[in-house]
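Hi,

Here is the structure I promised to pass on.

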Amino acid sequence: MTQQVLVIAEQVEGVFRKVTFEVLSAGRRLAGQLGGSVQAVVLGSGIEGLAAELGQYGAEKILVADDPALADFTTEAYTNALAGLVGQIQPAVILLGATTQGKDLGARLSARLNAALATDAVGLGVDAGQVVATRPMYGGKVLADVVLTGMPAIVSVRPNTQAIEAAAGAGAVEKAALTLGDLRSKVVGKQFESGKVDLTEADAVVTGGRGMGGADYSAVEALAGVLGAAVGASRSAVDEGWRPASDQVGQTGKTVSPNLYVACGVSGAIQHLAGMSSSKVIVAINKDPEAPIIAKADYAIVGDLFEVLPALTEEIKKIKG
Amino acid sequence: MEILVLVKQVPATESMIAIAGDGVSIKTDGIKFVMNPYDELAVEEALKIREAQGGTVTILSVGPAKAAEAIRTGLAMGADKGILIDPGDLTIDGLGTAKLLAAAIKPLSYDLIVAGHRAVDDDNFQVATALAELLAIPNISMVIKQELADGKIRCLCTVEGGTKEVEAPLPVLIAAQRGLNDPRYASLPGIMKAKKKPLETKTPADLGLAAADLQPLVKVKALKAPAERKGGRLIEGDSVQAKAAQLARLLREEAKVI
């Protein structure tokens with residue numbers, strides 16, 4: 001039995017998401033445990049030039065699914081394209097990033113292929129020949145080790161949880177033969193905020209909560225600016241209408257695992273803590289020394305965030321030179 | 001417009017979650033179970049569409065007898081009828097749940113299925129999208145706005161760093177994201193009326209499915225508590241500037257994150 005690991009690379013507007021390299025690196029490690037090798041597939045339109053980059057992270061073979069109908073992700077078109085390729089490759093494992101599209105694609109593929117699915121895994125391993133994924137449940141209040149039976153096992157991997165390792169793969173690029181069938185859904189418009197770092201992929205996140213007192217997030221944005229961080233919000237800030245729902249960190253928002261998480265005026269309700277407690281380093285700035293976030297933070301400053309944030313922004317600017 | 005809404009009963013998000021003695025499930029004593037918050041958005045959107053265009057809103061849920069409470073909540077909000085699929089003693093994974101729903105829905109006539117984009121207990125993002133595949137209809141996820149016209153739906157959806165608009169013909173399944181609407185509360189008269197609305201319970205056998213058809217492909221081997229974060233260090237200093245300078249130094253030299 002072959003033990004191929006197939007990694008679905010994710011590119012947006014001709015640029016690979018960072019999570020693609022994380023998943024590919026994790027895929028290579030998993031292939032090592034399974035005694036197999038890792039292949040990658042990239043889907044899109046006019047993307048042939050991108051493919052070779054995947055060879056630098058251990059891909060033995062890179063399939064290019066290039067078609068105008070794949071220019072923008074739709075669950076339907078990507079599922080059709082991949083189901084055909086999976087039929088040819090017969091991988092033991094399919095890995096993809098647990099992004100907006102990766103989570104949807106994983107779900108549709110699982111039904112198409114009648115395959116086991118683990119979404120948003122933070123750890124991956126093999127036990128007695130079966131893939132075991134570690135994944136958060138209840139918004140991160142619990143971690144579950146789940147065993148995936150049957151072939152292929154599909155796992156979407158949470159961004160920022162897997163180390164990227166460069167490794168020379170054969171990197172042979174091959175054009176994939178595609179059968180896309182009838183496509184009913186189509187993307188008719190898209191809007192991206194240019195240069196905006198997404199919360200789930202950011203190395204640093206600065207979040208403002210109820211303590212912001214209003215929609216003026218300039219102090220938070222200034223600190224985020226010097227850190228190259230994404231800006232987040234607590235649920236109460238979103239409920240107040242200060243920030244869009246897409247900025248919300250927590251159990252009913254996004255789960256983030258950055259290297260540095262700075263919580264400003266966030267009390268640290270259990271739903272919020274669930275969404276950010278896997279951050280590597282947590283800083284809390286809060287005027288209430290009893291706020292639950294203080295007990296979870298690696299570093300805390302008790303004080304008025306409108307005084308602390310500008311001072312901290314200045315000091316970090318100085319250090320970073 | 002015939003609209004189906006998928007709901008799940010889950011622990012309220014303010015719940016503390018503790019692992020049960022078997023090591024693979026959670027303790028349910030003292031936990032308040034509610035309708036999954038994203039499903040409230042789905043119910044609300046379905047009601048709004050019915051109010052604008054007429055039709056029927058039917059709520060479906062897979063769960064134990066107790067999950068009927070979540071359906072009743074939806075009926076109290078204004079939905080017309082409910083179907084509970086009770087798998088009894090069977091352990092069902094996400095794909096199995098989708099198979100049960102697909103079997104229950106196939107004989108029904110429908111134009112639109114509305115779901116929450118995920119349930120906040122399993123967080124698996126699987127059931128709604130997998131159901132659309134099993135029904136061979138398109139699905140659109142992370143919807144924050146929708147418009148129905150000429151037998152089509154056009155949705156605004158959140159993606160990383162922006163939004164996109166997706167269009168598909170009916171019947172279609174859409175999955176709600178926060179921002180779609182503000183769900184209404186069930187009124188007291190609504191709660192009274194809900195008690196009399198039809199709610200039928202079906203078993204897998206009623207739907208023509210045997211245990212072998214629903215064999216879970218994903219099994220929980222162990223639940224673990226995430227690593228407790230150790231108590232923090234409070235940064236002291238004579239002034240805000242001194243504290244800020246100290247923190248910046250620690251982030252660079254000790255934590256090495258800047």
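Starting with chain A: 62% of its 321 residues count as buried, where buried means under 20% relative accessible area, exposed over 50% and partly exposed in between (1.4 Å probe, protein chains only).

Before I go on, some housekeeping. This is a predicted model, with local features needing pLDDT of at least 70 and side-chain atom pairs counting only at pLDDT 80 or more, while totals for chains, interfaces and linings use all residues. Residues are numbered from 1 along each chain as its sequence is written, chains are lettered from A and ligands numbered from 1 in the order in which they are written, and side-chain values use heavy atoms, leaving out hydrogens and water.

Back to chain A, which has 8 helices and 18 strands (DSSP runs numbered from the N terminus: H or I of at least four residues for helices, E of at least two for strands). Its radius of gyration is 21 Å, close to the 20 Å that the globule rule gives for 321 residues, so chain A is as compact as a globular protein of that length. That radius is taken over C-alpha atoms, and the rule is 2.2 Å times the number of residues to the power 0.38. Along the principal axes, the C-alpha atoms of chain A fill a box of roughly 60 × 45 × 40 Å.

Now the rings. Over all chains there are 3 aromatic pairs (Phe, Tyr or Trp, the last by its six-membered ring, with centres within 6.5 Å; planes under 30 degrees apart are stacked, over 60 edge-to-face, the rest tilted). Phe73(A) and Tyr78(A) make an edge-to-face pair, because their ring centres are 4.9 Å apart and their planes sit at 75°. Both Phe73(A) and Tyr78(A) are buried. Elsewhere, Phe16(A), Phe21(A) and Tyr57(A) form one aromatic cluster.

Then there's a charge over a ring: Arg243(A) lies over the face of Tyr217(A), 4.6 Å from the ring centre. The test is NZ of Lys or CZ of Arg within 6 Å of the ring centre and within 35 degrees of the ring normal.

Over in chain B, helix α4 (residues 127-134) is mostly covered, with 6 of its 8 residues buried. Among them are Leu131(B) and Glu133(B). Just after α4(B), Ala136(B) takes a positive phi of about 55°.

Lastly, chain B is divided into domain 1 (2-214) and domain 2 (232-258), with bounds from an automatic or database domain assignment. The C-alpha centres of these two domains of chain B lie 47 Å apart.

Cheers
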